[in-house]
Amino acid sequence: GEGRRKKRGELAAPMSRHNVYETASSDAVVEEESSREEMSVRLQRHVKNLNVRPLFTRDWLLVNKSARILADIALKQSRSASLSSKHQTLWEGDEMVVRMIFEDGRLNVVLRILNAASDELEKHVSATRNCAVHPADTAPLPPHTSKPPLLTPSPSLNADHGRV
């Protein structure tokens with residue numbers, strides 16, 4: 001289209017406030033959506049990493065790292081969701097971590113991971129109870145003397161070597 005050319009020294013027509021706010025608002029929405037998509041991809045990677053692995057192995061440590069990251073983000077999302085609205089479904093709110101775990105079918109995996117950790121903790125607690133120090137084991141030791149104990153040969157040694 002043909003627009004009116006401005007003459008030398010003429011100022012451009014100012015944008016209306018509505019256009020300025022609308023542009024800034026739409027830019028913020030686009031940026032927020034882009035950031036939200038990036039976060040969604042990162043979270044999805046961590047959700048996919050949730051698997052039952054033998055405890056204290058290298059793979060278990062990687063699962064543990066993902067679980068900690070997801071737990072931290074879920075806690076933050078839960079706090080902000082409780083402030084915004086209490087009457088939202090999982091899909092209406094902003095609790096992406098919980099929704100992703102549920103949608104990906106990883107809830108059972110999370111429960112098995114927690115159960116394995118709980119069993120291991122119970123083993124550790126019961127082993128600690130079995131190794132508890134009894135009062136008889138803590139009886140005071142006799143005072144230390146500065147003289148070393150006298151060494152006396154046993155009678156059987158004297159009998160064998162008594163013939164000289």
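1. Partly exposed here means a relative accessible area between the buried limit, under 20%, and the exposed limit, over 50%. Asp104 has 23%, so Asp104 falls in the partly exposed class. The model is predicted.

2. Side chains of opposite charge can pair when their charged atoms come close. A search of the whole structure turns up two salt bridges. Asp104 takes part in one with Lys48, at 3.0 Å from N to O.

3. Through shared partners, Lys48, Asp104 and Arg106 join into one network. Lys48, at 42% relative accessibility, is partly exposed.

4. Rolling a probe the size of a water molecule over the atoms shows where empty space is left. The structure has one cavity of 30 Å³ or more. The largest cavity holds about 40 Å³ of space.

5. Which residues line the largest cavity? They are Asn51, Val52, Arg53, Leu55, Trp60, Val63, Ile113 and Ala116. Helix H2 (58–84) and H4 each supply at least two residues of this lining. By class, the lining has six nonpolar residues, one polar and one charged.

Note on methods
Residues are numbered from 1 along each chain as its sequence is written. This is a predicted model: local features need pLDDT of at least 70, side-chain atom pairs count only at pLDDT 80 or more; totals for chains, interfaces and linings use all residues. Side-chain values use heavy atoms; hydrogens and water are left out. A salt bridge is a side-chain nitrogen of Lys or Arg within 4 Å of a carboxyl oxygen of Asp or Glu. Buried means under 20% relative accessible area, exposed over 50%, partly exposed in between (1.4 Å probe, protein chains only). On a 1 Å grid over the protein atoms alone, a cavity is a set of points where a 1.4 Å probe fits but cannot get out, and a pocket is an open set with protein on both sides within 12 Å along at least five of seven lines; lining residues have an atom within 4 Å of a point. Grid points are joined across faces, edges and corners, and a volume is the space filled by probe spheres set on the points. Helices (H or I, at least four residues) and strands (E, at least two) are DSSP runs, numbered from the N terminus. Ala, Val, Leu, Ile, Met, Phe, Trp, Tyr, Cys and Pro count as nonpolar, Asp, Glu, Lys and Arg as charged, and the others, Gly among them, as polar.
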